[in-house]
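Let's take a walk through this structure together. Have a look at the model, and then we'll go from single residues out to the whole chain.

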Amino acid sequence: MTASPESFQPRLKRQYLLLAVIWSALVMGSAGWNIHQQKQQTLETATTTARANNRKDISFRKWATMHGGVYVPRTAHTPPSPYLDAPDQSATTAGGKALTLMDPAYMLRQMQESFPDDYGNRSHITSLKLLNPKNAPDAFETAALHAFERGEKERLEVGTLDGQPYLRLMQPFVLEPGCLQCHAHQGYKAGDINGGVSTAILLTPLLALERRHVATQALSHGAIWLAGIMALAFSYRRQRRDDAAHKANEEQLRLAASVFDNSSEGIAITAADQRILRVNRAFSEITGYTEAEVLGQTPAILKSDRHDPEFYAAMWAGINATGGWRGEIWNRHKDGSIYPALLS
């Protein structure tokens, strides 16, 4: 009776289950890493945008400071600043048009308020020592301004404004000599930090893009995982079938070996050149020769003088032609005695 394939499958099944677990962990790890990288890219994009926006505001303020402010027509939209103490704050053109001097902070605040970002991003200048109460800092900006006094160069935070997700970034304003026109009376000197500019980048469009990329990563990794699992399943079934066949062959060989060893008939196994490869116990009992004595010999070791050469030639011709021969033959025992045998 051959063994059932199921009796030798548990170890193979455990091996493939372990491979499936390892494959799943690798795919999940790759997906997690790529999703993490995508989220990092979202923050890096928002941070880069915020820094660029801050550099633009700081450069604009420096430009305005370099020119000592800019005269603009005095209107309801640009009234004289009540926080600028300058003798030449007001001027009149030759044509009689009234002008007012806009200091850098006034110019920057008006630009930030009058030209908002199309994507919902915001900018704001503020300070702990205010000239204009409209520039008052919120909680994030206040914490950042205190951090700048301790030497911090930048403050970054992800939070919400008006219920929307924003990345907020703030950098300090360093006073230049031209700034003292407005801020000297506050006790500042050139090189001091007298406030900062903050930018809030709306994350809603970036998060929508991130979700699309994450969905793509999830789908692609899911497809890769499924392909790997299907390949493992196919390999498992094939190896299970091959192992079952191998086990069946082993069982047949075991049964054949049992028959060979326990048969009451003498059996000799020969190679194509008639050299004896193996004999069973009954062969030794019948012929008197041990296996060691006949290995490498031919069955001619048992030849007696009862048959002529033609008999043996016909016998081997039949064996080579049909793979078998059956007939009565006289053989010689090791002790020299002759005995009849039925050769098959």
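A word on burial comes before anything else: a residue is called buried under 20% relative accessible area, exposed over 50%, and partly exposed in between, using a 1.4 Å probe and protein chains only. What you're looking at is a predicted model, where local features need pLDDT of at least 70, side-chain atom pairs count only at pLDDT 80 or more, and totals for chains, interfaces and linings use all residues. Residues are numbered from 1 along each chain as its sequence is written, and side-chain values use heavy atoms, with hydrogens and water left out.

Start with Asn121. Its relative accessibility is 14%, so Asn121 counts as buried. You'll find Asn121 in the loop between helix H2 (104–114) and strand E4 (122–126); helices (H or I, at least four residues) and strands (E, at least two) are DSSP runs, numbered from the N terminus. Setting aside neighbours within four places in sequence, Asn121 is in contact with Ala200, Ile201 and Leu202, where contact means heavy atoms within 4.5 Å. Val21 is 100 residues from Asn121 in sequence, and their C-alpha atoms are 45 Å apart in space.

Now hop to Glu157, which sits in strand E5 (residues 155–161). Glu157 counts as partly exposed because its relative accessibility is 37%. Beyond neighbours within four places in sequence, Glu157 is in contact with Phe140, Tyr166, Leu167 and Arg168. Ala257 is 100 residues from Glu157 in sequence, and the two lie 79 Å apart, C-alpha to C-alpha.

Asp162, in the loop between E5 and strand E6 (164–174), has a phi near 55°, a positive value in a residue other than glycine. Asp162 counts as exposed, because its relative accessibility is 65%. Gln274, in the loop between E8 and strand E9 (276–279), has a positive phi too, near 75°, and is likewise a residue other than glycine. With a relative accessible area of 25%, Gln274 is partly exposed.

Next, the empty space. Rolling a probe the size of a water molecule over the atoms shows where empty space is left. Here a pocket is an open set of points on a 1 Å grid over the protein atoms alone, where a 1.4 Å probe fits, with protein on both sides within 12 Å along at least five of seven lines; lining residues have an atom within 4 Å of a point. The largest pocket has a volume of about 1,000 Å³, a volume being the space filled by probe spheres set on the points, which are joined across faces, edges and corners. Its lining has 35 residues, and Gly266, Ala268, Pro299, Leu343 and Ser344 lie nearest the centre. Elements giving two or more residues to that lining include strand E8 (268–270) and helix H8 (309–322). H8 gives the most to the lining of the largest pocket, with five residues.

Finally, step back to the whole chain. It has eight helices and eleven strands. Its C-alpha atoms fill a box of roughly 150 × 35 × 35 Å along the principal axes. Of the 344 residues, 31% count as buried. Among contacts between residues at least 6 apart in sequence, 55% join residues at least 24 apart.
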